[in-house]
Amino acid sequence: MGNVSLCDAFKRYDDIVAVNEMTLEIEDGEFLCLVGPSGCGKSTTLEMISGLTLPSDGTISIAGDDVTDDPPKDRDIAMVFQNIALFPHMDVYDNISFGLRLRDFERAEIDRRVEQAATIVKLDGMLDRSPKELSGGQQQRVGIARAIVREPAVFLMDEPLANLDAKLRVHMRTEIQRLQKELDITTVYVTHDQEEAMTMADRIAIIDQGVIQQCAPPLECYTRPANEFVATFIGSPSMNRFDGVVRDESIETEHLELALKPERGREYELGDEDGGRDVSVGVRPENVYLVSSDDEPASPSASFAAVVDVLEPVGDQTYAYVRPQSASAPPSTDGSLMGDATEQLLVSVDPDTSIGEDERIEVVFDREKVHVFDDASGDALTHGLVGPLPTDDAASSSEEVQGD
Amino acid sequence: MSNPVTTDAAEKRGIVRQVVDFLVSEPADTYRLLFYVGLVGFISITLFPFYWLFILAVTPRGQLRNMGLVPEGFNPSVFLTVLQEYPLHHYIFNSIVIAGITVVICLVIGSLAGYAFGRVEFRGKGPLMLLLLLISYFPGITYLIPLFEMLSGTLTIGVFVTPDLYNTPWSMAFPFTMLSLPLTIFILTTFYSQIPDGLEDAARVEGTTRLGALFRVIIPLSAPGVATAAIIVFIGVYREFFFSFMMTDGQPDNWAVLVYGILNFQQQHTELWNLMAAASLIGILPVALLVILAQKHIVRGLTSGGLKE
């Protein structure tokens, strides 16, 4: 058993609240990613689980035992560090066996376990080397071997791949994932890289300012973000957002109106009481389509005109930054040279699409994928402006606003 | 040469000119030349006392009055005399033991304090460190009378009488520790604070206590600093005279140290200068050996000041 639970964990440094009453249940064998911008409290959370930092308030339990005030050595955890933290005065064998030697394991048992761990992380034959002689990836594998050799209840990983180069990072990402599945050990993984979190985790906990914004499987965080912060943090490039106001039958933004009126028997989720509310409308780049293209969504919004500003081909797709030109507002040809962020819309288009910069295009949103957030609180009001078809069970996932 | 000059003056001027021309045109050689001039001067000044001691030692006693820069006679047997007829080796042994005790106590206490100052955040850390350094700048002699009373068993605090440590190594190890600790703590603080936090965290997660992490990870990685501190303390104690002179009666069996032993050659009516010189030279050897052996560490310790991860 290696479940971890935080109950109202609170950490204050002088007058800064690093982690604010965090309650989190991590199940046995689960791979949970703590993700958020730097300084959001994710590392502090991990340190509280590890015992390197003691919470100011609240309780932490591992495998059912309250370990709130226990030192790290009594917690049955192992940790992999961002700066790898191998002991430079010991060779690889001594590094891996450090914890076992401290716990007075028998020599033969230590040898057996170190051999096994070295085999798992593909470090055979390097046990007598010094950490200095190893490459960054090998060093981090020693760090992982040091963690798995004790067969702990919980793995804690504090941005273990942050110091590796991009190619190695992707490779190690897969290896850690495979290893975690093989060993089936509860893992808490801290990263600031949302892509890493998306690809590796069973569940992601997105943290901002010491508070969990959403804790859900990666795809749910992506398709049904609980609030505006999650929506913009998860996904790269980021979601487009516009300010708008809810009217009787539509959401009015500066450049377009998104009809709320039910179509073909579908229902929308914004009730009458939302009328006049200031909202923020979010739509991901891949859910914006060119009217001229073939793959128009099932329920498109009203189209509107835009001028292509910058094209960024990345290979499998091309990101087009476009400036919306609305009928209601005059074309802002005299806009500042750097462009105004709110005036921009990022569209993901097929690389074969022949559009050029400064070209005038017509774009539509996929209304099923439009997110609406309350302007004041940032909480999500609805995901998709079309409700589920009453007969369509597969689409029932958008039935209710994700509560928190 | 627009002005007519005498041949003699021209020649002189020619030499000066040649020298100046050489110095100006060959700056690299000039610097090297100046370097050697400085080096030779420095070495002469440093090593001359040793040469003088050596001459003094090998000059037969009767000819000491006429002693000059070159030895009047050659009598190397003094080096054996000081060991065979006088218990010089016993004094040296006493010195090494007392210095060793002081080094061990200083390193243990200094490590704990250095860990606290270098790696733990606590209120009043800055002022406390300052106070420590401030006290270390006081001349040790100012504590002499209370220390002597305390260590010779004449100080009474309520019903307690301090133990009589006169003529024991502790009566010297105690004040030396007190005087050396601030510097030790300062050196070790600097080194321990440079060990990355991650290494200590890793050790603690792997199963050590904070103290265990200090001894298993931080101290081994601070070896240059620990060696530097150890050697500075050792040399300081080994050559200390004042407290050593006050705390024993000068008998080798009563833990009199090397400098006291050398002083003992100065007897009531005679001064055995040649024996004193020979004893001094022999007494230097242990420290010289220590420094040569640990030189690598000291240089690393004083210059680089630690290691990077």
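Reader: Is B:Glu200 buried or exposed?

Author: Buried means under 20% relative accessible area, exposed over 50%, and partly exposed in between, with a 1.4 Å probe and protein chains only. B:Glu200 is buried, because its relative accessible area is 6%. This is a predicted model, in which local features need pLDDT of at least 70, side-chain atom pairs count only at pLDDT 80 or more, and totals for chains, interfaces and linings use all residues. Residues are numbered from 1 along each chain as its sequence is written, chains are lettered from A and ligands numbered from 1 in the order in which they are written, and side-chain values use heavy atoms, with hydrogens and water left out.

Reader: Which side chain meets that of B:Glu200 in a salt bridge?

Author: Side chains of opposite charge can pair when their charged atoms come close. A salt bridge here is a side-chain nitrogen of Lys or Arg within 4 Å of a carboxyl oxygen of Asp or Glu. For B:Glu200 the partner is B:Arg210, at 3.9 Å from N to O. B:Arg210 lies in helix H9 (residues 210-221) of chain B and B:Glu200 in helix H8 (residues 197-206), so the pair ties together parts that are 10 residues apart in sequence. Helices (H or I, at least four residues) and strands (E, at least two) are DSSP runs, numbered from the N terminus. Salt bridges that share partners join B:Arg119, B:Asp197, B:Glu200 and B:Arg210 into one network.

Reader: How many salt bridges are there over all chains?

Author: The search of the whole structure finds 15. One of them joins the side chains of A:Glu30 and A:Arg203, at 2.4 Å from N to O. A:Glu30 lies in the loop between strand S2 (16-26) and strand S3 (31-35) of chain A, and A:Arg203 in strand S9 (residues 203-208), so this pair ties together parts that are 173 residues apart in sequence. A:Glu30 is buried at 8% relative accessible area, and A:Arg203 counts as buried at 19%.

Reader: What does A:Gln194 contact, leaving aside its neighbours within four places in sequence?

Author: Contact means heavy atoms within 4.5 Å. With those neighbours left aside, A:Gln194 is in contact with A:Val35, A:Phe233, A:Ile234, A:Gly235 and A:Ser236. A:Gln194 lies in helix H6 (residues 194-200) of chain A and counts as buried, at 12% relative accessibility.

Reader: How many helices and strands are in chain B, and what percentage of its residues count as buried?

Author: Chain B has 13 helices and 2 strands. Of its 309 residues, 39% count as buried.
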